[in-house]
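Colleague: I have a structure to discuss with you. Could we go through it together, beginning with the side chains?

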Amino acid sequence: MKKLLYLALVICVVSLASCGGGCDTLDISEAATKISEAAQAYGADQSTANCDAYKAAIDQYISDLDDCDLVPQETIDEFQAERDALTC
């Protein structure tokens, strides 16, 4: 599941590089970096604090994607599914 999340994350960042109206690519890039860092931390130590940080990073990323019509809903759903699968 995490490999799928990383793949989706890369696709989103590449797709959003040319995203114009409705997308703040800087915010989305920063949120993507935070997801990556939080996922790595959680993978190394599955503590409640790391899980909560990972969830928060996903939440922020989904929030940043709200106004971007160039990101497929399927991608957002994958991130939401990853978040929902976390048990902390």
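Colleague: Is Tyr-61 buried or exposed?
Modeller: Tyr-61 is buried, at 0% relative accessibility; buried means under 20% relative accessible area, exposed over 50% and partly exposed in between, with a 1.4 Å probe and protein chains only. This is a predicted model, in which local features need pLDDT of at least 70 and side-chain atom pairs count only at pLDDT 80 or more, while totals for chains, interfaces and linings use all residues. Residues are numbered from 1 along each chain as its sequence is written, and side-chain values use heavy atoms, leaving out hydrogens and water.

Colleague: How many aromatic pairs are there?
Modeller: The whole structure has 2 aromatic pairs. Rings of Phe, Tyr and Trp (its six-membered ring) pair if their centres lie within 6.5 Å; planes under 30 degrees apart are stacked, over 60 edge-to-face, the rest tilted. One of the pairs joins Tyr-61 to Phe-79 and is tilted, with 4.8 Å between centres and 55 degrees between planes.

Colleague: Where do the two residues sit?
Modeller: Tyr-61 lies in helix α3 (residues 48-65) and Phe-79 in helix α4 (residues 73-85), so the pair links parts of the chain 18 residues apart. Phe-79 is buried as well, at 0%.

Colleague: Turning to the fold, which elements are there?
Modeller: The chain has 4 helices and 0 strands; these are DSSP runs, helices being H or I of at least four residues and strands E of at least two, numbered from the N terminus.

Colleague: What share of the chain is buried?
Modeller: Of its 88 residues, 35% are buried.
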